[in-house]
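Work through the exercises below with the sequence and the structure at hand. Each task is followed by a solution in steps.

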Amino acid sequence: MNFQGGRRRGEEGIAVVLDFLLSNARLVLGVGGAALLGIATLAVKRFIERAGRAAEDEKVEQKMAESWEELSRVSASPTMIRKGIEGVVLKHVAKATRQQKADLCQKPEVSSPEVEPKPESKPNRIQLCVLSLQERLQQYCSTRAVLPPQEVQRAQSLALDICTEIQGFLHSRHPDMPLGEMSLGGSLLDDLQVVSADHACLLVPLQLEGSLWRLIPGEETLLTHPLHWMVRRLNLEYFPRGRSYWDRYLVGGYLSAEAVVNMFSKAVMETVNWPVISSTLDCLVRPVLGGPDLRLEIRPGSEKAAESCDQPLFISVLPILREEDVVLTAQPELTSPWVNAWHLSLYPWETQRLVQLDTADDGCRRQTVKILKAVCRLNPALRALEAAPLTNLVLHLSDSESDWSQDGLHVRFQQCITELIGYLEQGVLHSYFKPAVNLLSNLSEDQVDQMGFMLYCAISEPEILLI
């Protein structure tokens, strides 16, 4: 009894030391080093737990000594962590993962020798364990990244019906408002949506007089942000306020994106008779009020059917300005606190570039982006990674790698994991079209740590991301 109690006290002391190392690791080793030290600590703790249950004390003490020796070698310096962690720690993680796979793939024991398992009752896990990474990626893509055509068609049909209703309402209530034809946009239209068809975007183009308005790039404004553009009113001395419909939304001589969004919120979200539209479309349509964006929630059928539906369809109504290949969006949640700023959308450029590259060599870049998006959406540790960083990750990699054939999908996937770890360690992922923009700037240190830990584990066992 005294021996067991003493061991427990010793384990508590070790836990205090490990917690101290982890709490100070980021200051000394950086984000990547802290994540690697976390893996090393996890391996050591597992050794200690197994050591407490061992029968021979000499072997127990030997294993603990070896584990601490490995940890001391690995944590000696950031350089040792980067160079030696694969051979010292990741082998333990890989071994534990392989052992877990083996346990899952073992056949269940039978209580009697006369009872023989039926061949058709073999679990599907046995089949998954023998698949290569290439096959696992293809399977994951078909089940998670590629949506059923009927689901996509249904979501697009609902979005277009809502689009027709809103446009008809605006034409009847505000006939003098100069608007272009509303259309469907975003990932649902471009076949880049994954997991489920649960969101869509309706683009509402505002028509401006070319002689009265000028779109000013973000670098030329006082904000100096490359994605924060402004729309200046011109020739006020010759064409005073009131000559343009949009003059009523001027703030300090600039067209205010926030004022435009507030107008659409009152004119559409709070004014449209949504119960009538719901009965017409045979679905329940509700505006999502209180947020900075314009969103509608759509559920099929009646109130009772809507309550039983787990996955509603959210439709964003997005006012935009177009000038040649420039698309500015009114999104105060992205440009706050600047009420006059418009957001430069890089999504059309990124999507077009992916399509051009894949069309030229029949590559798998878009497929890789969809797999990465599905992985990040379904993995809690990676959920903070949005579509833009993943798309730009593939675009940057396309500049250095020319082989994007289907046979090399698994190679590109593993390379994306490695590249993403490097970007997280630096804390910077430059936009492909706007290098001054850091696409990782909105991530917290805790989020980076969680992502780094998960991705480091996936270096040796990438299948853990495809569960």
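**Exercise 1.** How many cavities of 30 Å³ or more does the structure hold?

Solution. The model is a predicted one. Four cavities of 30 Å³ or more are found in it. The largest cavity contains about 70 Å³ of space.

**Exercise 2.** Describe the lining of the largest cavity and sort its residues by type.

Solution. Step one is to list the residues. The lining consists of Leu372, Val375, Cys376, Leu382, Leu390, Phe413, Cys416, Ile417, Leu420, Leu455 and Leu465.

Step two is to assign them to elements. Two or more residues of this lining come from each of α13 (365-378) and α15 (409-426). The largest share belongs to α15, with four residues.

Step three is to sort by type. The lining has 11 nonpolar residues, no polar ones and no charged ones. Cysteine counts as nonpolar here, and Cys376 and Cys416 are among the lining residues.

**Exercise 3.** Are Cys141 and Cys457 buried or exposed?

Solution. Buried means under 20% relative accessible area. Cys141 has 7% relative accessibility, so Cys141 is buried. Cys457 has 11% relative accessibility and therefore also counts as buried.

Technical notes:
Residues numbered from 1 in each chain as written. Predicted model: local features only at pLDDT ≥ 70, side-chain atom pairs only at ≥ 80, totals over all residues. Heavy atoms only, no water. 1 Å grid on protein atoms, 1.4 Å probe; cavity = no way out; pocket = protein on both sides within 12 Å on 5 of 7 lines; lining within 4 Å. Points joined across faces, edges and corners; volume = space filled by probe spheres on them. Buried < 20%, exposed > 50% of the residue type's maximum accessible area, 1.4 Å probe, protein only.
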